[in-house]
Amino acid sequence: MRDEFPIFSEHPELIYLDSAATAHKPHCVIDALTRFYAEEYATVHRAVYRSALKASVKYNETRVVAARFLNASEPEEIVFTRGTTDAINLVAFSYGKTFLKQGDEILISEMEHHSNIVPWQMVAKQTGAVLKWIPMNAQGILEWENCIGPKTKFISLAHVSNVTGTINPIAEIGKAACKVGAKFLVDGAQAAPHMKIDVQALGCDFYAFSGHKCYGPTGVGVLYGKKELLGVMPPVQGGGDMIEQVYLEQTTFQKPPLRFEAGTPIIGSVVALKTALEFLEANLQPEGLLEHATSRLLEIENLKIIGTAPLKGPIITFQIEGIHPLDLATLLDLKNIAIRSGHLCAQPLLRKFGLTTAARASFGIYNTLEDVDRFVDAVATVAKTLILA
């Protein structure tokens, strides 16, 4: 599978273990993007000349593939965004600001990425809604069962934690949300690259993910929203493409999804996203990497893994007593091993574990058991060096 990715032809020594942040791109995606800009480029939705009509067809084909990828009821339930962050903000400032009111409860969790915390803090402040938190236990498992009540009006949760890797019971939470009439958004940034997603089975009202984590281009993402909800949500940006009629006194808007796609779209990235999603559908994440890495890392003295839920995505966050994660990541980079270090855009989660920073390794389609062994051996060597120093 490494042969599908030109980065590893240019740098065969590279062991890339930061796919949770962003994934590398296969030849087919790069070729699709290059071909569009070199041979097929035109605007969409606005012109009748042939290249523009063809570009519009390609753009809309991606909407169809994204709907299939998520098992949405129809392509019109797919909105193209700039990524997961943009998608969550769209829902927060369209649905949230419009329909949430004083005293309504917004429910998120201690394990959320900052992108699924900050927008809801802002909406709560602006609407008078109350932000509530689902606690997380020492394993990194959400203790959610008693958190959903009659005042719960909106729930927004990660499908898979970007720190602990915990896979949350989204379908169960979706049923509980439905019982009290709460709307439910799922941050699928870490799930979409690794799991089969069925939004209808999950029972969510909104689902968001980023193209660049799914081996696609940067700057493009997908928001799924139930048709009846998108239909009553106001736009959050005004401009071209999202309008129906513009008068000096007022404007009428397009039906979803175009209502939420103001301006000239990110055409090339959307076109190449289709190729990325098809690539992802045809290729499976290698099995056994997480289990092998976990067992081998635990052989290292004073190493602690953050989050030990029985169901996890391909993410391991860890700390070694007496070693700063930045030092570890820097020395691993000298051995051509790329991992993430820092607060991982999840400061509340790290504080829960008594940390301000941690090291994280995350796996992609291109990783192998040999990568894992080289990584763990290097961590052990670097750890001894730093402790002796």
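I begin with Asn71, which is placed in the loop between α3 and β2 (78-81). Helices here (H or I, at least four residues) and strands (E, at least two) are DSSP runs, numbered from the N terminus. The model is a predicted one, in which local features need pLDDT of at least 70, side-chain atom pairs count only at pLDDT 80 or more, and totals for chains, interfaces and linings use all residues. Residues are numbered from 1 along each chain as its sequence is written, and side-chain values use heavy atoms, with hydrogens and water left out.

Although Asn71 is not a glycine, its phi is positive, at about 55°. Its relative accessibility is 32%, so Asn71 counts as partly exposed. The term buried means under 20% relative accessible area, exposed means over 50%, and partly exposed lies in between (1.4 Å probe, protein chains only).

Leu344 is another residue other than glycine with a positive phi, near 60°. Leu344 sits in the loop between β14 (340-342) and α12. Is Leu344 buried or exposed? Leu344 has a relative accessible area of 1% and is therefore buried.

One further backbone feature deserves mention. The peptide bond from Pro256 to Pro257 is cis, with omega near 5°, and Pro257 belongs to the loop between β10 (251-253) and α9 (267-282).

I turn now to charged pairs. Side chains of opposite charge can pair when their charged atoms come close. A salt bridge is counted when a side-chain nitrogen of Lys or Arg is within 4 Å of a carboxyl oxygen of Asp or Glu. By this rule there are 16 salt bridges.

Arg2 and Asp371 form one of them, with their closest N and O atoms 3.9 Å apart. This pair links distant parts of the chain, 369 residues apart: Arg2 is in the segment before α1 (6-10), and Asp371 is in helix α13 (residues 369-388). Both Arg2 and Asp371 are buried.

Glu40 and Lys58 also meet in a salt bridge, at 3.9 Å from N to O. Because Glu40 lies in helix α2 (residues 27-40) and Lys58 in helix α3 (residues 50-70), the pair ties together parts that are 18 residues apart in sequence. Glu40 is partly exposed at 22% relative accessible area, and Lys58 is partly exposed at 29% relative accessibility.

Lys352 counts as partly exposed, at 39% relative accessibility. Elsewhere, salt bridges that share partners join Arg296, Glu299, Asp373 and Asp377 into one network.

Finally, helix packing. At what angle do helix α4 (residues 84-99) and α5 pack? The angle is about 15°, and the axes of α4 and α5 are 10 Å apart. Axes are lines fitted to C-alpha atoms, for helices over the stretch in contact, and angles run from 0 to 180 degrees between N-to-C directions. The two helices, α4 and α5, are therefore roughly parallel (angles under 35 degrees count as roughly parallel, over 145 as roughly antiparallel, 65 to 115 as roughly perpendicular and the rest as oblique).

Among the residues of α4 that meet α5 are Ile88, Val91 and Phe93, and those of α5 include Trp120, Met122 and Val123; contact means heavy atoms within 4.5 Å. Thank you for your attention.
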